[in-house]
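Welcome! Have a look at the structure first.

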Amino acid sequence: MVISVASGKGGTGKTLVATNLALSLAGEDRVQLLDCDVEEPDAHIFLKPVINQSKPVFIPIPQVDEEKCTHCGKCAEVCAYNAIAVIKNKVLVFPELCHGCGACSYLCPEDAIKEVGREIGVVEIGNSKGIDFIHGKLNIGEAMAPPIIREVKKHVEPGRTTIIDVPPGTSCPVVEAVKESGFCLLVTEPTPFGLNDLILAVEMVRELGVSCGVVLNRAGVGDKKVEDYCLKENIPILLQIPLDIEIARLYSKGIPLVENAPYWRETFLKLFHDIEQRAQSVSGSER
Ligand code: SF4
Ligand code: SF4
């Protein structure tokens, strides 16, 4: 089963949940951790993997053969991203804007466009404490996270437990990371900001048809509005992590909770079994 761990905003403790969930399973399951937060991957800080493979990620961008080009303007017309422009007798390509969709080369009537690879980041593969670890890293200054997320997700092995650390927010990279999950854990905190971003995240996962549950981090601060919302929307709160100075201290040192106290290993294992049961009952009711 693929379990994605998402949050409507950054800094809610998403990586804390994803890494501790993976570590709690490491002894009894063949678990994978995919860090798809490719703009700022940080699961490696907690898992400290040994990286043994590194693969650059390219997107195809157009290269125009000026000999063949008649400057008809068709390529600029079809580009939805303004990444190619035809001015007088010249075609200009703006590589940073190009999404590599291939429309311009496909539709060029003169066959004047070939595609060349442009490196936008890297996927690194390794192992940590019995967990297969894969993360993507987008090069600084690049904006195209989804192609790297797709490359990371190619490593999902059916039949295994895969935990995905999703980028924060609800934009395209988040959708790319969450789609096709068996279950999505939404990590939030009991504050007005937490509630606002949780509502957006719930709308997104529902649109994708993915079942979800909530992890309430820093429980004890703020108010009860997140709990009231979850009750009203019939969304289970599967785990509450208290606002606690010891948890903050461990987190700041990159020490996973499950490595500090058996209580947390049991708590995250229970979380996993709850998710498993819920995912099974949803797939059972769909049959
Ligand atoms: S579509 Fe082809 S021929 Fe027309 S301007 Fe673009 S590259 Fe040139
Ligand atoms: S590949 Fe797609 S995004 Fe890139 S320039 Fe061509 S049409 Fe535009």
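## Exercise 1: Inside the nonpolar cores

**Task.** Which residues is I148 in contact with, leaving aside its neighbours within four places in sequence?

**Solution.** Keep in mind that this is a predicted model. Start at I148 and look for heavy atoms within 4.5 Å. Beyond its sequence neighbours, I148 touches V38 and V57, then I120, G121, V122 and V123, and finally G136, K137 and L138.

Next, step back to the core around it. I148 is among the residues with the most contacts inside the largest nonpolar core, along with V178, C184, L186 and L198. That core has 50 residues, and helix α7 (residues 192-208) gives the largest share, six residues. Another core lies apart from it, with 34 residues, including A18, L21, I131 and F268. Nonpolar side chains tend to be buried together in soluble globular proteins.

## Exercise 2: The largest pocket

**Task.** Which residues are the closest to the centre of the largest pocket?

**Solution.** Begin with the space itself: the largest pocket holds about 480 Å³. Its lining has 28 residues, and G11, T12, G13, K14 and Y251 are the closest to the centre. Now trace the elements: α1 (14-25), α6 (172-178), β10 (212-219) and α9 (245-252) each supply at least two lining residues. Finally, sort the lining by class: 12 are nonpolar, eight polar and eight charged.

## Exercise 3: The second largest pocket

**Solution.** By class, six are nonpolar, one is polar and one is charged.

Notes
Residues numbered from 1 in each chain as written. Chains lettered and ligands numbered in written order. Predicted model: local features only at pLDDT ≥ 70, side-chain atom pairs only at ≥ 80, totals over all residues. Heavy atoms only, no water. 1 Å grid on protein atoms, 1.4 Å probe; cavity = no way out; pocket = protein on both sides within 12 Å on 5 of 7 lines; lining within 4 Å. Points joined across faces, edges and corners; volume = space filled by probe spheres on them. Helix = DSSP H or I, 4+ residues; strand = E, 2+ residues; numbered from the N terminus. Nonpolar A, V, L, I, M, F, W, Y, C, P; charged D, E, K, R; others polar. Core = buried A, V, L, I, M, F, W, Y, C linked by side-chain atoms within 4.5 Å. Buried < 20%, exposed > 50% of the residue type's maximum accessible area, 1.4 Å probe, protein only.
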